[in-house]
Every structure is written in C-alpha cells, then in structure tokens.
Amino acid sequence: MAGRKFWAIIIILLITVIVAGGIVAWQRYSPPHPIEISLPQAAEPDGEVNPAELPQKIDINRSEAWLLEALPGIGESKAQAIIGYRQQNGGFKHIIEITEVEGIGPAIYEDIKDLITVGD
C-alpha cells in the first residue's frame, strides 16, 4: 500500500511540474506581430496632409526580405530578387527602377509606388 501512495505522489508532482512549466512557457510566449502597411490618407479639404499621419515608406535599398515581403504582390522570391538586384547594381537610384527586377512589372509597381522609397 505504501508503494502505491509513493507512486501516486510522484505522479501528482510530475503533473504539477508539467502544468507549471506550461503556464510559465505560455506567459513568456509572444506571437509574431503582423506587419501592417497602409496607403497614405487622402488630402484634407484644404489640400494639405499632416505629415505625421502618413505611413512610413519602405526603403528598398536597405530593407530586409521579410519587410519587402509585406508589400502587396511581393513574395519571398521577389523579395530575394530585389535584394539580388540592389547587390549587383549598387542599389536603386529611383523607385521606378524596381520594375527592372524580374517579376515586378507595371501592375505591381502601381500597387507599391506609394509605399516605397530609396534612401540616400
């Protein structure tokens, strides 16, 4: 009988440790935050847009692949193609140059032109 009590206590302790470990792990877990890109707001009735309310543009000369992939129509392979193009050509001089990257044509350019920039 004492043997059964011993194993019952051991099993209860193991379950307690597993549950406590799960709770601690869950509290420390933070899921990746989604990337949100928004288009610039339309001009106010007086024709002015508050610069502080405009979204920040993605620098296609410096951005990493994961950030480029957040652009509409740009997936993993096109993001890698952008990085390859800028490495081979020393970066983009103007945003229209992105259409020289294989797979990025006028339609994709129209979708992303307001979301990208080229840094100095």
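User: What should I know about the model before reading it?
Analyst: The model is predicted: local features need pLDDT of at least 70, side-chain atom pairs count only at pLDDT 80 or more, and totals for chains, interfaces and linings use all residues. Residues are numbered from 1 along each chain as its sequence is written, and side-chain values use heavy atoms, with hydrogens and water left out.

User: How many aromatic pairs are there?
Analyst: A pair of aromatic rings is described by the distance of the centres and the angle of the planes. Rings of Phe, Tyr and Trp (its six-membered ring) pair if their centres lie within 6.5 Å; planes under 30 degrees apart are stacked, over 60 edge-to-face, and the rest tilted. The count here is two. Phe6 and Trp7 are edge-to-face, because their centres are 5.2 Å apart and their planes stand at 75 degrees. Tyr85 and Phe92 are stacked, with centres 4.9 Å apart and planes at 20 degrees.

User: Is Phe92 buried or exposed?
Analyst: Buried means under 20% relative accessible area, exposed over 50%, and partly exposed in between (1.4 Å probe, protein chains only). Phe92 has 4%, so it is buried. Tyr85 is also buried, at 13%. Trp7, at 53%, is exposed, and Phe6, at 45%, is partly exposed.

User: Which side chains meet in salt bridges?
Analyst: Side chains of opposite charge can pair when their charged atoms come close. The rule asks for a side-chain nitrogen of Lys or Arg within 4 Å of a carboxyl oxygen of Asp or Glu. Another joins Lys113 and Glu110 at 3.0 Å, N to O.
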